[in-house]
Amino acid sequence: MSHPPTGVPASEADICDQLYKDCILYLEAAHPQDLLSASILDSLANINLADLPPCFSTLVNLLGDIIPWHAVARALSTSAPLQICMPVNISSSAIPYVILVARLAVTDDEDGPVKGIFAKVLESSSAARLTTDDLYRALFVDYMSHFWRRDCVRRQLSSKRSPMPWSAMSVEELSAANESTPAAVMPRALCADDLNMDLDVETARWRLGCPLDVPWLGADHDGYPFCLTLSTYTATRLPVGTLHSLYDDAALWTSTMTFGLLEAVTCLRISESILLVPGPQEGEVILSGLGLLRVLLFWQHKILAALGNDEDSLEEARRILHLLQRALAVLHEDEYQKALLAGAGLPKEKQDDIHASVAHTLLFLCTIAVQHFTNIAELHSLCEPIRRSLSRNFSTALMRSLMYKLLDRGWCPKTLTYFPGELIFIIPNLVNLPPFTRNGPEDHLLCDDDSCAIYTITDESTYVPRHVHPSCRCEYQKPSLDDVSRLLSQGLVPAVVFDGTALRVVPAAENPYVAISYVWAEGMGSTTDEGLPTCVVERISKLVWETAPEGDQSPFWMDSLCVPKARDERKRAIRLMAQTYRDADKVLVIDDCIRTLCSFDSCWDENLVRIFTSQWVRRVWTLQEGLLARELWFEFADGVVRASEEFSPEELGISRVLVPLLNFRAHRRRPGTPQEVQLHELISMLQMRTTSKPEDELVAISSLLPSCVKLDILLSDSEDSGSSAAERRMRSFLLQLREIPRGVPFWGATRLTIPGFTWAPRTLTTEVSRSWSVELGVGICTGDGLIAQYLLAKLEEPVSLPPDPSTCGGEGAGIPTDIVKGGGVFVSHQSSRTTYGLVPQKAEYAPCTFDALLFLDGDRTTMGSTSQTIQCIAVALDMDSTISSDLNAVGVSADAPLRCRYVLYCDFTPFTGRPVAGRVLGKLCKTWIRLA
């Protein structure tokens, strides 16, 4: 191995004997003779093997190879002699100690090795006649016995799927190994010229992502035979009897899951010189993430693309997919145990680095392979488990590993919560990008997952606009309040023109004008009455001229200058807001993050990610401003740019998830595409947006809502502010909408508190688009509830949830903690003979009582036939409703619905553990419900 366990050269006649002597020397230094006592053994529990000199872990590993734990377990259970296979190269002087440790291992005393020979030697009547060497030999045996047992546990944790030779899967693979390489894909050596071909690396790093650099631990990769499996890769580098430390094991694991996996999947011979490069620290070596990307692109475009549909190619595809499933199993096991990396004594940060880097490389391999093979019918059954494993395992693990890097780089934790799991592969790109800061890297130290400190206005009464430069003290520019008010009173949109000395008010309809879209928290908020600093007005006027240079004048509209403070005039301006942005010749986005970090020289993908991390896409008000614009322009660091030129429909691959607003704009302008925003599309674009005043949410998107929803009614519904006003406006919206998608109650967002509307969301920004799809039909919203058809099943006994959710779950082995700690109960569905865990959403949990469950139609066929979670609602039946035994006598029409009170939204998850007694769920029946 490249990381030698001792300083003794390999040519020494007896390395094992030297390792033993090194251990004795350490013990003599660590435990002086005059301080020797039995209490030394008590401290072993607090010592990690990795903290001791490598000679200890090397000999412990040797013991693990000679005396496998399963052999000890067999000897303990059968009283059979312990079988020891002694390597030929073990030192004769070490044999007695190996055998002694083995004998101690099968003692009836569970703690025998720790409290064993050393203490007995000290307590014996002949202790006075023992030499110092005898004492330290005894202490050495107890040290070895203790840490060998620990190592057995470590090997047990990675005993099933690990690529290391001792795992069950490796033993099985090695026993059936057939290393003959398929003739159709004989391995070829990869050279540097291959990676200098026309590979679009810059596009790929944003479409696919760029693997992380892998910390390299020094294992030897070059100089060994080509291997088609992970187990043969480790076995050829770690034959039986080889001396290896715990660090060596971690190094070999890392090499196996990078070089070994890459070579086996791609059938390319990849030398160390291709991927290993100097790291950022002096003397450090890393496996280059950019080099990995080049190798993967070469494999994708030059190797995979050459595979056909003949049987040899299909067989090679099956081999690749099986290998990827094997690697996923390795990573899944190691994600929870991290036995090898932790056992080597690596810092937690480095463990996470290695695991995240390996996971990201595997993610690339799987993504490319599944995309290539998924349309081949014969391979679908192999692709599907890989796809499910990726969506289930990778997002959380990778994000957790990357988080500390991004936070260390100064990224805002709130921004990081926005990234959707399906785009986890591009997040590592952020590690190499500076975040947006206003004053310096400390800007985000006070941020958390819920808020960004630099965009939080803590006291609106003290808010003042910012000057272009902090040192500037210029006067404010104000348009004529009378002129603005006069135009508004006539139902006209006012615009302003800056002539270099003053602002002049003009009707917007008289000339093409530019509407400014921005975020108040960035320091340009104001009113007509107060105005803005001259330096800000000059900057905006210059940008407007750059955006629309064709005219002598450059009129523009900006709420800070064109919306008065007075309540009635402000309402007039709000009523004209949609017209203002719809009629503008151009809409110009001014955002600190975008104008600082986006540029013409950056690739459009990077600019798109910068826009995604900006505040402009996080505010509710800016959604209609961006969607209604005839032409949408952005201010970049080096000038203004039109969105349709920077982001063409053909290139907006990741915008569907990152910035759905731009994706919608790009595709809705195609011939035959409807212009109207569907409600479920609007919900998708609203996700993760916020507004400072909750009651403004529906007003800010009123122009995007169905035509049956009137802004005047929303504005007149509440004259005050606050959460109660927001709730009344939501009720007004739902009543005007009238036809409500049936899936709306089936989501775990915060609900209204208004009687008859406790099923409805308090805000649209936390909803999911699927709940607002009309594909499953609609219900009718009335003043006292939602009338719709659902599947209803009555519980034989009501369920009451106590104040403390942890007291209402089951107890004992095999009960999932998310059911126990989440306040869940077990429900038995008799007709399908299935037990379900009914787990309330944590955001909704409260002491309550319910006696029935509601399901969507789509769940009827899945009940009892799927392992997936089913959406359901716990309800309380109206005591005045007559319930027959089979529920056929009630709820047969919309005119006579069964009345239910919404209680909470739950996950309904099949439980496959040991049998558990649950509340009995009655027959499912399609019923008309009035949900209040």
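1. Leu246 is buried in this predicted model, with a relative accessible area of 5%. Leu246 belongs to helix α11. Its C-alpha lies 7.2 Å from that of Ala50, although Leu246 and Ala50 are 196 residues apart in sequence.

2. Helix α11 (residues 246-266) packs against helix α16 (residues 348-373). The angle is about 10° and the axes are 10 Å apart, and α11 and α16 are therefore roughly parallel to each other. On the α11 side the residues are Trp253, Thr254, Met257, Thr258, Leu261, Leu262 and Val265. They meet Ile354, Val358, Thr361, Leu362 and Leu365 of α16. By class, the contact of α11 with α16 has 9 nonpolar, 3 polar and no charged residues.

3. Cys267 sits in the loop between α11 and β3 (268-269). Its phi is positive, about 55°, although Cys267 is not a glycine. Most residues other than glycine have a negative phi. Cys267 counts as buried, because its relative accessibility is 4% and the cut-off is under 20%.

4. Arg738 also has a positive phi without being a glycine, in this case about 65°. The residue is found in the loop between α34 (723-737) and β15 (739-741). At 45% relative accessibility, Arg738 counts as partly exposed.

5. Arg205 is part of helix α9 (residues 201-207). Is Arg205 buried or exposed? With 18% relative accessibility, Arg205 counts as buried, since the limit is 20%. Beyond its neighbours within four places in sequence, Arg205 is in contact with Cys210, Leu290, Leu293, Asn429 and Asn432.

6. Helix α10 (residues 230-237) has 6 of its 8 residues buried, so it is largely enclosed by the rest of the structure. The buried residues of α10 are Leu230, Ser231, Thr232, Tyr233, Thr234 and Arg237.

7. The largest nonpolar core holds 137 residues. Which of them touch the most other members? These are Ile516, Leu632, Phe634, Phe733, Leu734 and Trp759. Helix α21 (residues 534-547) supplies the largest share of this core, with 6 residues. A second, separate core has 71 residues, among them Cys210, Leu321, Leu346 and Ile368. In soluble globular proteins, nonpolar side chains tend to be buried together.

8. The contacts of Trp759, leaving aside neighbours within four places in sequence, include Leu734, Ile740, Val744, Pro745 and Arg751. Trp759 is also in contact with Cys781, Gly785, Leu786, Tyr902, Leu931 and Ala932.

9. Helix α1 (residues 15-30) and helix α2 (residues 54-66) pack at an angle of about 130°. Their axes are 9 Å apart. That angle makes α1 oblique to α2, and the crossing is left-handed. From α1, the contact uses Cys16, Leu19, Tyr20, Asp22, Cys23, Tyr26 and Leu27. From α2 come Cys55, Phe56, Thr58, Leu59 and Leu62. The contact of α1 with α2 divides into 10 nonpolar, 1 polar and 1 charged residues.

10. Helix α20 (residues 481-489) and helix α23 (residues 567-575) pack at about 60°, with axes 10 Å apart. The two helices are therefore oblique to each other. Their crossing is left-handed. In this contact Ser485, Leu488 and Ser489 of α20 meet Glu569, Arg572 and Ala573 of α23. The classes are 2 nonpolar, 2 polar and 2 charged residues.

11. For the protein chain overall, there are 35 helices and 24 strands. Buried residues make up 55% of the 932 residues. How much of the contacts with a separation of 6 or more comes from residues 24 or more positions apart? Such residues account for 76% of those contacts.

Technical notes:
Residues are numbered from 1 along each chain as its sequence is written. This is a predicted model: local features need pLDDT of at least 70, side-chain atom pairs count only at pLDDT 80 or more; totals for chains, interfaces and linings use all residues. Side-chain values use heavy atoms; hydrogens and water are left out. A nonpolar core is a set of buried Ala, Val, Leu, Ile, Met, Phe, Trp, Tyr and Cys residues joined through side-chain atoms within 4.5 Å. Buried means under 20% relative accessible area, exposed over 50%, partly exposed in between (1.4 Å probe, protein chains only). Helices (H or I, at least four residues) and strands (E, at least two) are DSSP runs, numbered from the N terminus. Contact means heavy atoms within 4.5 Å. Axes are lines fitted to C-alpha atoms, for helices over the stretch in contact, and angles run from 0 to 180 degrees between N-to-C directions. Angles under 35 degrees count as roughly parallel, over 145 as roughly antiparallel, 65 to 115 as roughly perpendicular and the rest as oblique. A crossing is left-handed if the near helix is turned anticlockwise from the far one by less than a right angle, and right-handed if clockwise. Ala, Val, Leu, Ile, Met, Phe, Trp, Tyr, Cys and Pro count as nonpolar, Asp, Glu, Lys and Arg as charged, and the others, Gly among them, as polar.
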